[in-house]
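Subject: Structure handover

Hello,

Here is the structure you are taking over. Please open it and keep it beside this email as you read.

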Amino acid sequence: MANDVSAGSTTTSIAGRLALGITLLAFGLGSTDVIDGVTAADAVSIAHYIGGVALFVAGLFAFREQDSGTGTAFSVLGALWFTWAVTDAGSANAAGLFYLLFALVVLSLAVAGGDQLSQGMYGLFLVGLVLMAVAAFAESGGLAKAGGWFAVAAGAVAWYGATAALAHWPTVFSKRAAGRGVTAAG
């Protein structure tokens with residue numbers, strides 16, 4: 001493994017990853033029903049202030065640092081989390097449509113490139129949002145729980161990315177190390 005200095009090396013990126021990680025963990029755990037009496041609705045305050053306001057502000061600071069990729073990601077995700085927190089979907093289909101549109105944004109972020117942790121985080125979050133959208137349209141509690149677990153995994157990856165940058169832990173796997181020990185059958 002190698003240390004990837006650019007993965008969250010700025011204070012803005014670290015703060016943004018922490019905000020996104022906490023929001024995804026709260027939203028995901030609430031969606032899984034794994035904690036008795038805690039639902040996704042209980043994540044509204046976290047999504048509003050940490051996922052919405054703090055993430056949006058982190059995005060603005062990233063733009064100020066001329067980091068357009070991080071600025072776009074954090075400001076758009078902040079706006080979407082803020083909207084999720086303050087909007088009453090009204091119907092299951094409206095909630096499904098919101099999750100689907102949110103997933104399209106996250107798809108754009110996932111294919112935009114960046115470091116391995118970000119792509120992994122966005123990929124996991126994308127799967128979670130698609131599952132949540134289908135669950136809302138089909139009114140399936142099981143799919144909603146599965147989507148919640150993907151959001152939990154995405155939150156854990158975001159949290160690790162921020163913590164790794166602070167603690168100087170590895171954030172990428174080198175291609176040489178990943179392929180070591182694999183031999184071709186003759």
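This is a predicted model: local features need pLDDT of at least 70, side-chain atom pairs count only at pLDDT 80 or more; totals for chains, interfaces and linings use all residues.

**Helix α1 and its neighbours**

Start with helix α1, which covers residues 11-32. Find helix α6 next, at residues 141-167. The axes of these two helices come within 7 Å. They cross at roughly 155°. Angles over 145 degrees count as roughly antiparallel, so α1 is roughly antiparallel to α6. The crossing of this pair is left-handed. Now look at which residues make the contact of α1 with α6. By class, there are 18 nonpolar, seven polar and two charged residues.

Helix α1 also meets α3. Here the axes come within 11 Å and cross at roughly 30°. Angles under 35 degrees count as roughly parallel, so α1 runs roughly parallel to α3. This crossing, too, is left-handed.

**Helices α4 and α5**

Move on to helix α4 (residues 92-111) and helix α5 (residues 116-138). They pack at an angle of about 160°. Their axes are 8 Å apart. That makes α4 roughly antiparallel to α5. The crossing of α4 and α5 is left-handed.

**The salt bridge**

Side chains of opposite charge can pair when their charged atoms come close. The structure holds one salt bridge. Its partners are Asp115 and Arg17, whose side chains meet at 2.7 Å, N to O. What does the pair tie together? Asp115 sits in the loop between α4 and α5, while Arg17 belongs to helix α1, so the bridge links parts that are 98 residues apart in sequence.

**The surface patch**

Which helix gives the most to the patch? Helix α2 does, with seven residues. Val53 is in helix α2. Both α2 (44-64) and α3 (68-86) supply at least two residues each.

Best wishes

Conventions:
Residues are numbered from 1 along each chain as its sequence is written. Side-chain values use heavy atoms; hydrogens and water are left out. Axes are lines fitted to C-alpha atoms, for helices over the stretch in contact, and angles run from 0 to 180 degrees between N-to-C directions. Helices (H or I, at least four residues) and strands (E, at least two) are DSSP runs, numbered from the N terminus. Angles under 35 degrees count as roughly parallel, over 145 as roughly antiparallel, 65 to 115 as roughly perpendicular and the rest as oblique. A crossing is left-handed if the near helix is turned anticlockwise from the far one by less than a right angle, and right-handed if clockwise. Ala, Val, Leu, Ile, Met, Phe, Trp, Tyr, Cys and Pro count as nonpolar, Asp, Glu, Lys and Arg as charged, and the others, Gly among them, as polar. A salt bridge is a side-chain nitrogen of Lys or Arg within 4 Å of a carboxyl oxygen of Asp or Glu.
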